[in-house]
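This briefing walks through a structure chain by chain, with attention to how its parts meet. Please keep the sequence and the 3D view at hand while reading.

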Amino acid sequence: MNNPPDISPAQHETEQYAHDVSKHVRGYLIVGGTLIFCTALTVFLSYVNFGSQKANVSVAMLLAAFKAGLVAYIFMHLSAEKKLIYRVLLFTGIFVFALFWLTYLAWYDPISH
Amino acid sequence: MDASSSVSTQHHHDAHSPAHGSGAAGDHHELPFWRKYIISTDHKVIGIQYGISGLIFLFFGFCLMMLMRWQLAFPGQRLPIVGKMIENVLGPGAMANGVMTPEFYNSLGAMHGTIMIFLGIVPVAFAAFGNFVVPLQIGAPDMTFPKINMASYQAFFVGGLIMLLSFFVPGGAAKGGWTSYTPLSDIADKGPTYHLIFNGQTLWLIAFILLITSSLLGAVNFIATIIQLRAKGMTWMRLPFFVWAQFVTAFLLLLAFPPLESAIVMQLMDRVAGTSFFLPSGLVVNGAAVSISGGGSPLLWQHLFWFLGHPEVYVLILPGMGIVAEILANNTRKPLWGYKSLVLSVLVLGFLSFIVWAHHMWLTGMGTAVSAFFQTTTMIISIPSVIILSAFFISLWGGSIRFTVPMLFATAFLPMFGIGGLTGIPLAFNTADLYLHDTYYVIAHFHYIVAPGTIFALFGGIYYWFPKATGRKMSDFWGKVHFWPSLICMNAIFLPMFLQGMLGMHRRWYDGGQGWNLAAEKVWGLSGFHWNTPISIAAWVMGLAQIPFIINFFWSIRHGEKVDDNPWEATTLEWTAPSPPPHGNFVAAPVVYRGPYEYSLPGRAKDYTMQTEPVQPNERKAPEPTMSLGH
Amino acid sequence: MEIPYTVTARPDTGLWNAKIGIWLFLASEVMLFGGLFSAYIFLRLDAEPGYWPHGLLNVPVGTFNTAILIASSVTVVLAWAALKMRQFARYKIYMGITILCGVIFLVVKLGYEWPQKYVHFGAYIKSSALEKYEPLLGNKHLLAEGLPPRVEITGHLHNHEALHDPKIKEYEIALDPVYTDPTNPKMDRPHFLYVPPTEKIGVVQKADVERATMFLPTHNTYFATYFTITGLHGLHVLAGVLVFTYFWLPVGSKLYRENPEHLANRVEVAGLFWHFVDLVWIFVFPLFYLL
């Protein structure tokens, strides 16, 4: 899904432009519906026993990641953002991952576990 | 910047420019004093506000250390004159009959670290120089978000004020060290004699939240400004190295500070709401079990603290490197050697600094897998640092060096930072660190980086850009009187500390190692304890050596030698603006045609070519930033 | 010289100033909540078996709040689209709904969910006394099922004065349903619907209790993390509501008349922040309510 252009190029194109945005509106509603459905699904699946706590956590986190992805991709327009912002987010992603993974690694000790 | 806006600006200026010279052609409408200097949104005023408050905090933090040096040199003896004064102001809890109490000694240590780093160096190196110089160097009229910029300073100011006020609450200022390690800092300053909020440690946390907010706002502003407001023709590879250094620093502050903020919120919860984020189960204090839920982890605090703490080291050093780069290129009258590798190194340095933090934690008993990981990354990060330092050294080679006062400080920076960096390598190995951890060796190591390293770079920067901010130069003679004693004292203070540390002196001893000395002298015949006295004397002499600087600084604002817009014959954009630059900085939007360090171009009448000079059709190509040693 | 690119994009980066500003700010917010979530992971991994409680929060209410927040995310993007199409009346409606949703979220959170916790009581039993309370805890059954043990007895405290009066030697607790029938397999895992404590009173000797408090942040690291993260998240919701209200009031209309694109940009930037707040909640909800 593409962003509408940032600025309406000229007065006579406004009609076409408004039409473009109105097409997106339907998309936003569909995404909103999907998100609510996924929330219900998350709640439902959390009461299904997947065999272990780890499995249940994984399922819930995968669904949450999917929902977060939808919000970021569609609502926050990351589907069509500028390269610069992707770069900033890429580094943020790496560092937040490092924070999670390395604190986990610090907790895990092959000698004591 | 489109043509029409620059034309209209020029017109605007012509219409309103007052008669008295270009220097004061600042504000079109005369603003009242408090709008112009107190709550200004102008990046230059904010930069100067940051600079002056930061310098005051630096000196204050240094004074705290001078007090501690008395206790270290003459443990348990009455501090003459000052001791009585402090006792009158802060009460016998701080000074009992003129003798420093252990609690006050701990407060001084914690506040020295906190103030020097977060209220002194970061505000001066990043916020002051960044605010004043970066927009000028990239040809911008101001920062992208001037009001946010103002809010950043105000948050900093209030945070600093709270930090200072914490000396006066019952129990005194925070005592947990600048690292504020838990569980000690969680349980300190608590009990019936302490207020729930108005106690040293809690105020430390609250002040920190404000300081983090301030640097967050600053960092967003800096990055957005460098990305968005570069002048026409100012491509990324034409940015002065100083701008690159500030750019990376801003990213470090932006992404490394928030995890500490989360940790500070959690410690605040621990102290105020009674949670146990950092308190383990079964904690016993003073022989009694503490009524807490437990289940927390002291190690968690250290992880989150050092996740900021290590990038913070680079926040302290990168702006200094940037300043040194500018001064070196200007005073060697030749291009900075290896500009591309410098830029690349600073980017790699910034990136790697996020994944080395746990090398501060070898002694915590965290996992072996994680130790191996961090030891490796710590080794790798020394590579870009060495590249930067080498490039600076090679830049000196074959230059016709002008030993101006800024250059003296910049050249002193190089070996001092070198000593600081190289002595860090033993600490990066966890086997060696087991022995050296928390000794004076560590103190000497990181002080060589920030004291004769960064602070010298800052002094150099002040002497260098002073003419731009005021239109006048600081005195050369008094600059040298400031420089030489400072350099000698710095080394007299920190060089012996390496040996003291290797002999085993611990960094947090209240008696300066007097008790330990009794045993150590019997075993080795040597403990290093007696070196405390000359070190302390050197520290006090260095305090005196700052007086010429202070006088020179304030005297020169009004009475210094008047100079033109480009007194150092430099090439970068800030020297094309009037001194001091008016509101909006440039008379017309600058256009950039060449790289930042085009000194001594062949076939030119003068030995510097400014970035705004168009390339002549028959011009011989400028020596491109070279990756090889060939000349 | 004026500051350029406040409304229109800089050609080579394709961005206007506030857009890059908000994304940088959000990057730092990611790290802020990243720090808190890594604390969650760390503390949860560190917790002894049975010490990370399940099913203590009201799942239907949490689900409702999630839906409210998602709905507000939809309406704020619709409000922005309306501005882009220059339909100011529609913008006012959508923005009004967004503000309302934010307020509902906060009221439910602070007016209902949190206070409900303040009146709930839990007593951790000393490990030496767990055997004694086996009829209430059913740990032998859980052990056989391979599930973590129960180390706490929860419910509504019947004799409130026991909290402060050292002369009272026992807590009388109106038990939560699970302790009335602990060996029933249906009670092994939490239920979707919240069932209030029963009439049945369980008596717990103070001497057998390791620690007993209301469900406050002091109760255990789970509640400490829950209150801290949802509290910080709540502050973000509040900030979003305040900013939206500012653009919804006549200030917004005035800006719209002067430069509609500028208002659209500002709403987009505020909207990005709001979506981020929604995004954080998407992780908070399963981590605290469901898992």
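Helices, of at least four residues, and strands, of at least two, are taken here as DSSP runs and numbered from the N terminus. By that reading, chain A of this predicted model has three helices and zero strands.

**Chain A**
- Along its sequence, chain A runs in the pattern α-α-α, in keeping with its count of three helices and zero strands.
- Of the 113 residues in chain A, 26% are buried.
- Among the contacts in chain A with a separation of 6 or more, 46% are made by residues 24 or more positions apart.

**Contact between chains B and C**
- Chain B brings 38 residues to this contact, and chain C brings 34 residues.
- On the side of chain B that touches chain C, at least two residues each are supplied by α1 (3-16), α8 (200-228), α9 (241-273) and α10 (298-332) of chain B, and the largest share, eleven residues, comes from α9(B).
- Sorted by class, the residues on the side of chain B that touches chain C are 22 nonpolar, 14 polar and two charged.

**Domains of chain B**
- Chain B is divided into domain 1, which covers 41-280 + 292-397, and domain 2, which covers 403-563, and the C-alpha centres of these two domains of chain B lie 18 Å apart.

**Sheet of chain C**
- Five strands of chain C form an open sheet with antiparallel pairing, in the order β4-β3-β2-β1-β5.
- The edge strands are β4 and β5 (209-214) of chain C, each of which pairs on one side only, and neighbouring strands of this sheet are turned by 35 degrees against each other on average, with direction ignored.
- Strands of a sheet pair through backbone hydrogen bonds, in either a parallel or an antiparallel manner.
- Strand β2 (residues 152-157) of chain C pairs with β3(C) in the antiparallel sense over three bridges; G155(C) has L175(C) of β3(C) as its bridge partner, and L157(C) stands opposite I173(C) in β3(C).
- β3(C) also pairs in the antiparallel sense with strand β4 (residues 201-205) of chain C, over five bridges, and there I173(C) stands opposite G202(C) in β4(C).
- Which residues lie on the covered face of strand β3 (residues 170-175) of chain C, and which on the uncovered one? The covered face holds Y171(C), I173(C) and L175(C), whereas the uncovered face holds E170(C), E172(C) and A174(C).

Terms used:
Residues are numbered from 1 along each chain as its sequence is written. Chains are lettered from A and ligands numbered from 1 in the order in which they are written. This is a predicted model: local features need pLDDT of at least 70, side-chain atom pairs count only at pLDDT 80 or more; totals for chains, interfaces and linings use all residues. Two residues are in contact if their C-beta atoms, placed from the backbone, lie within 7 Å. Ala, Val, Leu, Ile, Met, Phe, Trp, Tyr, Cys and Pro count as nonpolar, Asp, Glu, Lys and Arg as charged, and the others, Gly among them, as polar. A residue is buried if 20 or more other C-beta atoms lie within 10 Å of its own, exposed if 12 or fewer, and partly exposed in between; C-beta atoms are placed from the backbone. Two strands pair if DSSP finds at least two bridges between them. Domain bounds come from an automatic or database domain assignment. Axes are lines fitted to C-alpha atoms, for helices over the stretch in contact, and angles run from 0 to 180 degrees between N-to-C directions.
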